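User: I'm new to this one, could you walk me through it? Please start with the overall layout and then go into detail.

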Amino acid sequence: MSAKLTLHCDGCDATHEVGSLRKAFESFSGRSYGFGVRRQPDIDALVEPTGWVWSDPYTSCCYCAKCWSGIERGEAAA
């Protein structure tokens, strides 16, 4: 089972589809079957190359790269 991850910017309403989230199976022997665990997908690894901020540490909002650079420069506060 997998889920599609689509980001929606809270600053300008832009959208971006990042990809699918899927739990990865890791067996203790290194094979693709047998005894092992299912690991949660790493959202940061999927989103980071796009330049988007999927969870602002202060507001938990999602921002596109353009809006986030404006926030970091202080343009959003003006």
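Analyst: The chain has two helices and four strands, where helices (H or I, at least four residues) and strands (E, at least two) are DSSP runs, numbered from the N terminus. This is a predicted model, in which local features need pLDDT of at least 70 and side-chain atom pairs count only at pLDDT 80 or more, while totals for chains, interfaces and linings use all residues. Residues are numbered from 1 along each chain as its sequence is written, and side-chain values use heavy atoms, with hydrogens and water left out.

User: In what order do the elements run from the N terminus on?

Analyst: They run β-β-β-β-α-α. The radius of gyration of the chain is 17 Å, well over the 12 Å that the globule rule gives for 78 residues, so the chain is more spread out than a compact globule; the radius is taken over C-alpha atoms, and the rule is 2.2 Å times the number of residues to the power 0.38.

User: What does the C-alpha trace span along its principal axes?

Analyst: It spans about 55 × 20 × 20 Å.

User: And how much of the chain is buried?

Analyst: Of the 78 residues, 21% count as buried, with buried meaning under 20% relative accessible area, exposed over 50%, and partly exposed in between (1.4 Å probe, protein chains only).

User: Switching topic, how many salt bridges does the structure hold?

Analyst: It holds one salt bridge, which is defined as a side-chain nitrogen of Lys or Arg within 4 Å of a carboxyl oxygen of Asp or Glu. Arg39 forms it with Glu26, and the closest N and O atoms are 3.2 Å apart. This pair links distant parts of the chain, since Arg39 is in strand β4 (residues 36–39) and Glu26 in strand β3 (residues 24–27), 13 residues apart.

User: What about the backbone, which residues other than glycine have a positive phi?

Analyst: Most residues other than glycine have a negative phi. Asp13, however, has a positive phi of about 65°, and phi of Ser60 is near 60°, also a positive value.

User: Where are they?

Analyst: Asp13 is found in the loop between β1 (2–8) and β2 (15–22), and Asp13 is exposed, with a relative accessible area of 66%. Ser60 lies in the loop between α1 (43–47) and α2 (65–73), and Ser60 is exposed at 56%.
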